[in-house]
Amino acid sequence: MKALRIPEASPGKAAYDELVTGQGTIRYHWQGLLSVVRSLPDGGFAGRVERARQQLVEGGATGVATPDGASPVEAWALEGLPLIVSPSDWRVLEDGLAQRARLLDALLADVYGPQRLLAERVLPPALLQANPHFLRPCHSPGATPPKRHLVTYAADVVHMPDGSWAVLADHTQAPAGGGYALHIRRTLARALPEAFRAVAVREIGPFYEQWRETLAELAPDGGGNPLVALLTAGPYAQTYVEQVFLARALGMTLVEGADLTVRTEGVALKTLEGLKHVDVLLRRLDSAYCDPLELRADSTLGVTGLLGAARSGSVTVANALGSGAIETPALAPFLPGLARRLLGEELQLPAVDVWWLGEKPALDHALAQFDSLVFRPAFDAAHAATAATAIVGSDPRALYDRVRARPADWVAQHRLAPSMAPSWTADGLRPEPLVLRLFAIARDDGYMVMPGGVARTPAADPLTQPGRLDGQLRDIWVLAEDDADVVIPSTARFQRLAIQRGVDLQSRIADNLFWLGRYTERLDNTARLIRAALSRLALGPMGPRDQAELRQLTRALADMGLISASEAMAPPDSVLLIQTLTRFTGDGRPIAEILRAIKRLAASTRDRLSADMIATLDALLGAVTRRLAQARGDVDRLLAALGDLIRFVATFAGLSQENVTRGSGWRFLDIGRRLERAYFTCRGVLSPFTQTPMVWESAMRLALELCDSTITYRTRYLGALEPAPTLDLVLLDDSNPRAVAFQLHAIHHHLDELGRATGSEVAFPAAQHVGALHDAVMLFARDERAWRHEGLALAQLRHALDRLETGLGQLSDELTRHYFSLVPAAHALGQPTA
């Protein structure tokens, strides 16, 4: 097949203007939106856009989490003005994209099936054999073929200078952006309701309903209420937040590879209630990483045996594994001929002019115009495009030699001039280049195209990493021709779903929520200890009582592993101690590490927390992090920042109580908090009580302060401090949410409920521990001489606290083994008896 097509038109034409015609008039389909913008009061539109941008930032939509727990990197920003597409333009795009999706699906079926196109030399073998995205293990003619190879499809489209449309890039691997399209549309609908009332914009909601139906129909058994999951690379993926939005919109479970396992009957989701069979996986993970057994052995993101399960037909993977093989731009010159061969039709929506240099005429043409062309790797879409004139500090001849040496690895094309659309700035409208990301979903024998999408103003040349979604993103509004286009009736039918209260929770999510609870409570405990110590240093010259209390606080900090023993022994008024306490917020220090862990865990559980909760957490975490950075070395500022930390934890606790359903996830979150609080009271708050009774007066004051129970004690007992009432309040009082007994009873209740929900119980002798603490406290209620001099009460208290600390550690290990890692208990092997 001859693929070369060299246009005679000059590449230097002016870009197409989306807003203004060649006669300088506003295009008719923009006039309704601009009328709404002009009708708003001065600054009205700018204020609306800024609020919408702020909502997206606060909701974490524009950020990408980093593994080190630092603040998310902003990947994109919202452009307030949508792109308006006329009905006539949309008919061209819709028909062209639907046909293109059918063509690529048929191509995948042949490439991973009979390979007739190769046998008939319609397709050059080098386009597959040299393509790293063509996965040979997926080519198994005897296996059960997928119902559809290409279930979801996206294309980057540009408006050419002559007004025609052309495809810049095909996305058949794991198309991204569908979640952003819906989220941006909803954000703009809240910010500009007048525009949606004045402009007849086609709805995109029905597209997601069809997407949900299509995935359900792809289940191997073809009926019932199948379990559909979205497979993600994890919270550090470039588009993880978009995947969370998409999973919510489609009503599916967001899973990582570690959540899944392959059994004889297929792929199963590891939940607290056992293994749940997965029917369909909508993957957002590149094919090569999906199965370390048959594909990339170094992948830690996939599921061992997934390819075998897909091959057997026990699970449907959408898109089919290996579908990224046809994303190469080198395929573009062959698509017109393939459309005639596979569909019997002429290709309606061509690609931008590109030449695969594996053919000699194309190579000769490219080398002859070397200085005026852009060269791109044929099989690495993520690699930057390179122009000879853009090479600085090196000889352009090096690129020439690379292309000449391995021409089949390269494609060449002229520089791209995408259309220009108005962008809103403080100084008025400014033209910006645009690339459209449009989406299609399999439906019956064809494809349904979303009447909208995401348009982007690239951060760099649009030929550089065309698959990325960065720069400025905007909504795409397709105008309706009549009322029938505005709302497309759904074909969904109600199913008789059994009412249920329990929710299948992945073991990984339960583990993350448990540790999120522990780390937030640990942050509160650490902040309270440091604040108590710093507040005494900030008072100026300290009296004997303040020095005694500070000494006990530093020992408690050492007992909790927050400072070293030598630092704890520093004199109370020494420079060393002041430096130790004011360095707590530095990198590598406890507070910074705890905050980093909280950010990481919050990112990992994002799909299980409400949007309001995520926005509040992100805003508060950002604020306290900035306050801590500004307070470094300043005692007064640090005290204020520590107060912010304590209030952040209180806000988090309130949100978890009021905004999270009382399911298994919430129980693990609360168990983590309760376990950490009980441990802190035993190890940090009451450690002075295990010392000589000479320090107990100050120890009692500190215990009440750290347990936030001073007001309660004064209300009950006025000013008299005695050990028995103090210990009763912080250890045994069920009405005190800071008391150890309160924590133990809450843990016991949660474990009972989890046992009933999952059918698997973890035992914890809460009543025994409370009883031992009660017996010890009662000894302090006797004659003072009995506990001050005889030592029985002190020894029993130490013993009860030590046993409880050990029990809490064992409980944490047992929860991990029983619910999170799902590893059976270890048993010692002994010699057999005769």
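This is a predicted model: local features need pLDDT of at least 70, side-chain atom pairs count only at pLDDT 80 or more; totals for chains, interfaces and linings use all residues.
Which residue forms a salt bridge with D644?

Residues are numbered from 1 along each chain as its sequence is written, and side-chain values use heavy atoms, with hydrogens and water left out.

**Stop 1: a helix pair**

Select helix α20 (residues 611-631) and helix α21 (residues 635-658). Helices here are DSSP runs of H or I, at least four residues long, and strands are runs of E, at least two, numbered from the N terminus. The two axes come within 9 Å and cross at roughly 170°. Axes are lines fitted to C-alpha atoms, for helices over the stretch in contact, and angles run from 0 to 180 degrees between N-to-C directions. α20 and α21 are therefore roughly antiparallel to each other, a label for angles over 145 degrees.

Now show side chains. From α20, the contact (heavy atoms within 4.5 Å) uses residues including M613, L617, L621 and L628. From α21, it includes L638, L645, F648 and F652. By class, the contact has 14 nonpolar, 4 polar and 3 charged residues. Nonpolar covers Ala, Val, Leu, Ile, Met, Phe, Trp, Tyr, Cys and Pro; charged covers Asp, Glu, Lys and Arg; the others, Gly among them, are polar.

**Stop 2: a pair within α21**

Stay on α21 and select D644 and R647. D644 forms a salt bridge with R647, the closest N and O atoms being 2.9 Å apart. A salt bridge here is a side-chain nitrogen of Lys or Arg within 4 Å of a carboxyl oxygen of Asp or Glu. The two residues lie 3 apart in α21, about one turn of the helix. D644 counts as buried, at 17% relative accessibility. R647 is partly exposed, at 49%. Buried means under 20% relative accessible area, exposed over 50%, and partly exposed in between (1.4 Å probe, protein chains only).

Next, select E521, D524, R528, D670, R673, R674, R677 and R738 together. Salt bridges that share partners join these residues into one network.

**Stop 3**

The whole structure holds 40 salt bridges. E256 lies in the loop between β8 (253-255) and β9 (260-263), and R508 in helix α15 (residues 507-537), so the pair ties together parts 252 residues apart in sequence. Both residues are buried.

Then select R701 and E549. Their side chains meet in a salt bridge at 2.7 Å, N to O. R701 sits in helix α23 (residues 696-706) and E549 in helix α16 (residues 544-559), 152 residues apart. R701 is buried, with a relative accessible area of 18%. E549 is buried too, at 3%.

**Stop 4: V241**

Move to V241, in helix α9 (residues 240-250). V241 counts as buried, at 8% relative accessibility. Leaving aside neighbours within four places in sequence, V241 is in contact with G60, A61, G63 and R606.

**Stop 5: what covers α18**

Finish at helix α18 (residues 575-582). Its buried residues are L577, T580, L581 and T582. What covers them includes α15, α16, α17 (565-568) and α21.

Definitions and conventions: Angles under 35 degrees count as roughly parallel, over 145 as roughly antiparallel, 65 to 115 as roughly perpendicular and the rest as oblique.
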